[in-house]
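Please look over the sequence and the structure before reading on.

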Amino acid sequence: MVRPRVYVSRRIQESALRLLRRHCDVELHDSDYPPPKSVLVKSLEDKDAALILLSDTIDREVLEKAEKLRVISTMSAGYDHIDLKEATVRGVYVTNVPSVLTDAVAEFALALLFSVARRIVEADRFLRKGSWRIAWSPMFMLGPDINGRTLGIVGLGAIGKAVASRARCLGMRVIYFSRTRKPDVEAKLDVSYRPLKDLLRESDFIVLSTSLTPETVKMIGEQELRSMKPTSYLINVSRGAVIDEKALVRALKEGWIAGAALDVFEKEPIDPDNPLINMDNVVLTPHIASATFEARRRLAEKAAENIISILRGEAPPSLLNPEVLRVKPLETVKML
Ligand code: DGY
């Protein structure tokens with residue numbers, strides 16, 4: 001029996017590697033850094049499958065040279081780094097891992113909300129700098145109540161829903177915007193739909209949990225930021241490109257909004273001279289919303305299972321380009 005060859009583009013959880021090694025020959029890019037594009041291209045030339053991360057760009061150039069490639073499994077929920085159309089034309093099956101991160105990311109979105117509203121990071125910096133001179137002052141480091149405030153969620157997918165149900169437990173009123181209205185979720189979670197422009201005007205906190213598509217690129221720009229309340233906060237756990245970052249910097253400097261908490265950026269890692277770094281009313285984290293032990297282990301294992309399943313001739317539910325089944329029927333890639 002032929003053992004399929006799999007490329008793994010980063011150091012990942014051992015349990016996932018074990019799963020792959022049981023069925024395939026694995027070539028591991030044994031590093032936390034992404035392989036340079038030339039290495040990625042070279043490595044995929046003779047591989048049947050690739051397990052990649054969201055920071056590996058799989059474009060036409062990569063796919064063109066990967067003639068044997070049958071599966072790209074991304075160890076992420078997002079898949080905006082993969083040219084899905086090109087993969088489909090070339091008969092490459094693409095999978096993601098949509099559900100295992102939901103709770104971790106939702107919890108983190110609320111952690112960001114609390115951090116920026118209650119100034120936790122700013123206060124920590126203040127104390128460590130040795131600036132704490134007065135034991136307790138009535139007007140010191142104030143922030144808004146969270147209970148009773150309005151949370152606007154942009155994108156009511158799995159993560160948006162998980163944020164909504166937690167926010168309801170915190171006593172928040174929840175409104176949402178998404179491409180399609182979801183009456184069943186509205187009733188179940190006690191949330192109400194708003195067109196985006198109304199959500200922006202009404203919300204005290206806005207959580208962005210939409211995926212990055214051509215329609216959502218820079219969906220929060222100058223006009224949107226100007227329509228938010230000056231006392232409101234913007235939280236982003238989706239993709240950096242959903243916000244026009246230049247406009248956000250102005251909004252934060254000029255007080256169009258009160259603050260922001262961002263886990264994702266237009267450019268990752270961000271440049272050391274990014275103006276956001278020097279702002280007190282911003283909490284910044286390095287794309288770690290899904291970084292719990294449990295979520296990341298399940299993420300890696302699921303990405304490995306997706307590869308095995310396709311190589312066995314079974315399409316997993318997270319197949320992102322089902323049209324590929326017509327281009328290259330599954331039987332032809334059955335190897336295990
Ligand atoms: C994803 O999987 O798309 C997330 O951004 C990872 O944190």
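## The interface between the domains

Between domain 1 and domain 2 an area of about 410 Å² is buried, and carbon and sulfur atoms give 44% of it; buried area here is the accessible area (1.4 Å probe) that two parts lose on being put together, summed over both. On the side of domain 1, Leu 54, Asp 80 and Ser 99 lose the most area to domain 2, together 71% of what that side buries. Six residues of domain 1 are in contact with four residues of domain 2, where contact means heavy atoms within 4.5 Å.

This is a predicted model, in which local features need pLDDT of at least 70 and side-chain atom pairs count only at pLDDT 80 or more, whereas totals for chains, interfaces and linings use all residues. Residues are numbered from 1 along each chain as its sequence is written, and side-chain values use heavy atoms, with hydrogens and water left out.

## The two domains

The domain assignment, which is automatic or taken from a database, gives domain 1 as 5–99 + 293–333 and domain 2 as 102–284. Their C-alpha centres lie 32 Å apart.

One salt bridge is counted between domain 1 and domain 2, a salt bridge being a side-chain nitrogen of Lys or Arg within 4 Å of a carboxyl oxygen of Asp or Glu. Arg 239 forms a salt bridge with Asp 80, and the closest N and O atoms are 3.2 Å apart.

## The ligand and its surroundings

Around the ligand stand Leu 54, Ser 76, Ala 77, Gly 78, Leu 101, Arg 239, His 287 and Ser 290, a residue being counted if one of its heavy atoms lies within 4 Å. A polar side-chain atom of Arg 239 lies 2.7 Å from an oxygen atom of the ligand, while for an N or O atom in the side chain of His 287 the distance to a ligand oxygen atom is 2.8 Å, and for a polar side-chain atom of Ser 290 it is 2.9 Å. Taken alone, the ligand exposes 230 Å², of which the protein buries 91%, with accessible areas coming from the Shrake-Rupley method with a 1.4 Å probe.

How values were computed:
A polar contact is a pair of N or O atoms within 3.5 Å; within protein, one must be able to donate a hydrogen and the other to accept it, and residues adjacent in sequence count only if both atoms are side-chain atoms.
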